[in-house]
Amino acid sequence: MPRNNLSAQGFTRTEAGLPGAAAMTVHESVLDGIGNTPLVRLTRLAASLRPRIYAKLEFQNIGGSVKDRAALSMIRAAERDGLLGPGGTVVEGTSGNTGVGLSLVAAHLGYRAVVFAPAATAAEKIRLLRAYGAEVHLVADFVPRSHPDHLANRAARFAEATPGAWLAQQYDNPANPGAHVESTGPEIWRDTDGTVTHLVASVGTGGTITGTGRFLKQASGGSVQVVAADPDHSAYGGGDGAAKYVEGAGHAVHPDSAEDIWPQAFDTSLVDRYVRVSDKESILSARKAAREEGLLIGGTAGTALAAALRLAAELDESHTIVVIIPDSGRNYLSTYFDDGWLTSAGFLRPAAADGTAGSLLSSPAAGVHILPVSCTVSEAHTELQRRGLEDGEPAFIALDRGTPFGSVHPREVAAAVTLGSLQAALSAGPSQAQEPAARHGVAFTAVGTGELLADVLPDGVRADGDLLALLVDGRIAGAVTGGW
Ligand SMILES: Cc1ncc(COP(=O)(O)O)c(C=O)c1O
């Protein structure tokens, strides 16, 4: 396809502040409200940058996210293949936008929808699925892929046992990337008049980046560069696979997984480059987009935006970057856009540290000690003694990633133990020595280092046994107990 030569100023589609001239779009059905999302040029965030940056607003899909496209495509493919028919049931394990997409398409087409979601899924998201008439089953959080309670296994068993049920399997379903070969890619090529030079997208199942990237590479004769914006800890971009805060993209790996299986929907050969973005930068980028551009975007959009802005700093006027905005910030008003939530996770820290949990970080005993989940009471006891910990000084038992722990996500902590708690177990009888140390933990509270101690301690009073894990940017950076 030929490229048009367009001016460095870009191509004016609508005049700022003057709606009305463009033709109205009339959809003959809800399903026609999926796709054909707009590109919006970032004029404020990119003001000092040389390339044009366009945000593709996937929250404009009728169910509010990019996953509406995959949902419709997968259901249509299942119908074509005779896997789903009248009276059928659509089943998937997902906490996120795919569940919404599948539920709305199922509702429209008269199918039953059954979604398996992790127990930690935000109440708001579960309500949303139920609003579309889906049945939601909550299952265990963050267990190895082979575990019978892993949501994919629960969903698969349900589908097998239910006549007329079809399991969407977005991670391995070719109709997921196929949706983007058919629609997202062509829309970007058409709407940039073939001038796009870089695609930036976050990667969950990989459907978006694979399908869109495949089309754009083909259309451009291979010249469009495909850039994966990936959370710091995600295994896709070379991270350790640890838990993260920005949900919906990246690849976390439970360390007890026998093998790390990547989705078939993700064709890694299409990715020219990974740009790694921390939870904090993703979240702050999303907030900045709302406050400075007037564009309310989600966390994975923040990841992609941060990567696009970094990339743009290396490029010039001859380049046009398209960044995918998978969903809206409306889904995250109680998390990324809430100052209290950010503070409680240690992402926001006031300059004045007096009276905050962060003021305890400088205490000499505030170091973080991590032990693997596999360690027994006697092993943990010996190790804490070897490290010279005081009686009440804690160590965290966390998932063993086989690498030195710099800091750990509280979700990966099984328990906190102290010499005192381990000693009590050992005194109870010799059989306890070989028990997992995590069974003899003490209660602890994870607090953001920006939180006021008076707010986080019960009744504002410090008790001797109080154990605080101190969070900096979402990870345990220190711990204090008792008389600090
Ligand atoms: C919020 C959000 N961002 C990004 C993605 C990634 O999209 P994909 O699965 O196509 O890689 C998803 C999908 O799961 C998502 O829900």
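Strand S12 (residues 394–398) pairs with S13 in the antiparallel sense over five bridges; strands pair if DSSP finds at least two bridges between them, and strands (E, at least two residues) and helices (H or I, at least four) are DSSP runs numbered from the N terminus. The structure is a predicted model, in which local features need pLDDT of at least 70 and side-chain atom pairs count only at pLDDT 80 or more, while totals for chains, interfaces and linings use all residues. Residues are numbered from 1 along each chain as its sequence is written, and side-chain values use heavy atoms, with hydrogens and water left out.

Phenylalanine 396 stands opposite alanine 416 in S13. The two strands belong to an open sheet of three strands with the order S11-S12-S13 and mixed pairing. Strand S11 (370–372) and strand S13 (413–418) are the edge strands, each pairing on one side only. On average, neighbouring strands of this sheet are turned by 30 degrees against each other, direction ignored. Helix H10 (residues 377–386) packs on the sheet and touches S11, S12 and S13, its direction making about 150 degrees with that of S11. Contact here means heavy atoms within 4.5 Å; axes are lines fitted to C-alpha atoms, for helices over the stretch in contact, with angles from 0 to 180 degrees between N-to-C directions.

A search of the whole structure finds 20 salt bridges, each defined as a side-chain nitrogen of Lys or Arg within 4 Å of a carboxyl oxygen of Asp or Glu. Glutamate 317 forms one with arginine 50, the closest N and O atoms being 3.2 Å apart. This pair links distant parts of the chain, 267 residues apart: glutamate 317 is in the loop between helix H8 (299–312) and strand S10 (320–325), and arginine 50 in the loop between strand S1 (39–41) and strand S2 (52–57). Glutamate 317 is partly exposed, at 38% relative accessibility (buried is under 20% relative accessible area, exposed over 50%, partly exposed in between; 1.4 Å probe, protein chains only).

Aspartate 267 and arginine 214 also meet in a salt bridge (3.0 Å, N to O). Aspartate 267 is in the loop between strand S8 (225–231) and strand S9 (273–277), and arginine 214 is in helix H6 (residues 207–219), 53 residues apart. Aspartate 267 is partly exposed at 24%, as is arginine 214 at 34%.

Within helix H3 (residues 123–131), glutamate 124 and arginine 127 are separated by about one helical turn because they are three residues apart. Their side chains form a salt bridge (3.4 Å, N to O). Glutamate 124 is exposed at 57%, and arginine 127 is exposed at 54%. Lys56, Glu58, Arg69 and Glu187 are linked in a network of salt bridges.
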